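Subject: A structure for you to explore

Hi there,

Here is the structure I promised to pass on to you. Have a look at it first, and then read my notes below.

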Amino acid sequence: MTNALDTRPVTGTSEESAHAGATWWRQAAVYQIYPRSFADSNGDGIGDLPGITARVPYLKELGIDAVWLSPFYPSALADGGYDVDDYRDVDPRLGSLEDADAMIAALHAAGIKLIVDIVPNHTSDRHEWFRAALAAPKGSPERARYIFRDGLGENGGLPPADWESVFGGPAWEPVGDGQWYLHFFAKEQPDLNWQDPEVRADFLTTLRFWSDRGVDGFRVDVAHGCAKDLPEVLPSQSELDTMDQDTGLHPLWDRDEVHEIYAEWRGVFNEYDPPRTAVAEAWVPTPQRRHRYASAEGLGQAFNFDLLEADFDANQFRSIITSNLKQSKETGSSTTWVFSNHDVVRHATRYGLPPRGESTTKHGADWLLLGGTRPRLDVEGGLRRARAATLLMLGLPGSAYLYQGEELGLNEVAEIPANERQDPAFFRNPGKDIGRDGCRVPLPWTREGSSFGFGAGNAHLPQPEWFGGSSVEAQQADPASTLSLYREALAFRSRLQTEEDLEWVDSDADVLHFRRPNGWEAVANFGTKPIALPEGDLLIASGSIDGDVLPAETTVWLMR
Ligand code: GLC
Ligand code: CA
């Protein structure tokens with residue numbers, strides 16, 4: 001191997017590196033943990049914080065820089081924990097604040113940062129504020145923290161508008177006295193009114209609460225939804241649908257003044273050394289709109305879901321990579337790459353299905369309703385393409401967000417009986433949306449045994465029989481396994497990390513070939529025919545390499 005492999009990581013500018021580690025997030029590999037499905041320490045079938053603490057050695061060996069932890073707050077689980085009862089506590093089924101402290105300490109001792117999920121668009125209907133709002137009369141300060149409106153018709157018996165929630169079904173719910181409240185998501189998730197000063201102040205308290213406990217950053221749920229401006233006469237759903245969403249003037253989504261909220265949050269983040277970081281979940285129509293969330297005066301970074309929404313296709317990948325790198329250069333942020341998370345069909349499965357069409361939409365997965373994983377899915381091809389895409393992505397400048405289980409090459413679990421499903425998206429769209437439970441099934445750690453090593457009890461979502469063969473135990477000693485590929489790639493990635501630049505190298509139309517400033521190259525053959533392997537020292541490959549040939553649907557890293 002060449003000396004270039006010993007290059008020290010170069011992150012951020014020299015000015016920034018004066019602030020110890022202030023730019024750690026720019027090119028971090030961040031691993032998302034869905035806590036109820038990661039590891040169960042006490043056998044109740046629900047993953048918990050001590051379970052995570054016990055698996056820190058696994059995370060360290062995997063080679064990630066940070067964990068993003070989905071909500072672990074007290075919750076009735078109407079939406080997998082995104083219905084938060086109390087932002088400054090831990091769900092007793094998942095542990096205690098002391099367990100959170102112990103987990104943070106263990107992660108930090110292993111050199112791993114922690115990002116927690118913050119859910120500002122809505123609380124749960126069990127939050128003390130919402131209970132107070134229900135107990136208080138119309139027009140009270142308690143109701144002003146949420147979005148209440150009088151119903152239409154006699155005694156307000158009809159909803160104030162015909163809006164549909166994101167999960168399907170009506171977005172307005174009556175409370176029995178002629179008033180209705182707005183919920184973008186499930187009815188157990190009332191939307192907050194961010195024009196209320198108390199709401200604003202309380203979230204600053206929450207950000208400080210977790211920052212003081214050592215949390216390094218925040219993932220901001222539905223960041224583009226908080227600012228709303230509802231006119232006296234509400235538009236209809238069809239009027240809403242035809243309004244432009246890229247002007248900052250839509251009454252509900254991505255309004256310009258949402259950034260005033262995040263500018264205030266930035267003030268809190270910068271009270272800490274190193275400053276706390278944030279990444280916005282903002283499903284907005286253009287990269288320009290997205291980068292407003294990523295500005296240094298705001299959250300600092302925003303998820304880019306473009307690769308997640310693309311087919312396994314060289315052209316689509318090339319233009320997405322080029323435009324996102326250009327945008328992030330212009331705004332001073334770093335871009336993010338994501339293939340899988342707790343809301344979408346796992347990418348090994350997406351790539352094993354016929355390209356695009358209905359099957360790869362966000363919550364879609366209607367293919368599951370049409371006959372299940374096994375008969376329709378090209379399991380081998382899906383995994384081959386997922387490995388190739390992931391290795392290409394891990395070579396890119398910017399942060400890589402990985403979702404628990406993708407390092408095992410897991411497929412979406414199709415075999416969940418309706419009566420064991422949990423996702424409101426499934427129940428609110430009968431026969432139309434299978435929901436997101438299939439990517440949230442507890443991880444398999446061992447080939448056999450109770451819940452495949454997840455815990456001593458029955459996993460809260462049923463695991464399929466084939467899970468054992470994909471378990472950590474089944475993969476860890478096999479150099480050709482997906483787990484070994486991730487470990488090796490992440491180890492190389494942290495050693496090779498260099499400036500956030502990339503130069504395209506000329507290649508066939510079906511091939512993407514780029515070079516990083518230190519001579520680190522990635523070559524991905526998206527085509528169905530082998531090509532000649534370009535010159536350079538071979539570091540790692542997503543599939544087996546024989547001689548001077550780069551097989552179809554395979555990626556390599558080279559050092560020149
Ligand atoms: C985000 C979360 C999703 C949740 C929704 C409502 O999109 O990622 O899981 O259902 O927000 O909080
Ligand atoms: Ca448990």
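Before the details, one term: contact means heavy atoms within 4.5 Å. Helices (H or I, at least four residues) and strands (E, at least two) are DSSP runs, numbered from the N terminus. Axes are lines fitted to C-alpha atoms, for helices over the stretch in contact, and angles run from 0 to 180 degrees between N-to-C directions.

Please keep in mind that this is a predicted model, where local features need pLDDT of at least 70 and side-chain atom pairs count only at pLDDT 80 or more, while totals for chains, interfaces and linings use all residues. Residues are numbered from 1 along each chain as its sequence is written, chains are lettered from A and ligands numbered from 1 in the order in which they are written, and side-chain values use heavy atoms, with hydrogens and water left out.

**The sheets**

Strands of a sheet pair through backbone hydrogen bonds, either parallel or antiparallel. Here, two strands count as paired if DSSP finds at least two bridges between them. One open sheet has five strands, in the order β11-β12-β13-β17-β15, with antiparallel pairing. β11 (503-504) and β15 (537-541) are at its edges with a single partner strand each, so one side of each has no neighbour in the sheet. Further in, β12 (residues 511-515) and β13 (residues 520-525) are joined by five bridges, and Phe 514 has Ala 522 in β13 as its bridge partner.

Two helices lie across this sheet. Helix α16 (residues 379-394) lies across β12, β13, β15 and β17 (554-559), at about 30° to β17.

Another open sheet has three antiparallel strands in the order β4-β6-β5. Its edge strands, β4 (148-150) and β5 (172-174), each pair on one side only, and the twist averages 35° from one strand to the next. Three bridges join β4 to β6, and Asp 150 stands opposite Gln 179 in β6.

**The two domains**

The chain is divided into domain 1 (19-122 + 197-230 + 244-490) and domain 2 (128-182), with bounds from an automatic or database domain assignment. Their C-alpha centres lie 31 Å apart, and the contact takes 15 residues from domain 1 and 14 residues from domain 2.

How much area do domain 1 and domain 2 bury between them? The value is about 1100 Å², 66% of it on carbon and sulfur atoms; buried area is the accessible area (1.4 Å probe) that two parts lose on being put together, summed over both. On the domain 1 side, Glu 198, Leu 230 and Arg 428 lose the most area, together 44% of what that side buries.

**Salt bridges**

A salt bridge is a side-chain nitrogen of Lys or Arg within 4 Å of a carboxyl oxygen of Asp or Glu. The structure holds 35 salt bridges, and the count between the two domains is one. Arg 145 forms a salt bridge with Glu 198, with the closest N and O atoms 3.1 Å apart.

**Two backbone details**

Most residues other than glycine have a negative phi, and most peptide bonds are trans. Asp 273 and Pro 274, however, are joined by a cis peptide bond, with omega about -5°. Ser 451 is not a glycine, yet has a positive phi of about 40°.

Enjoy exploring!
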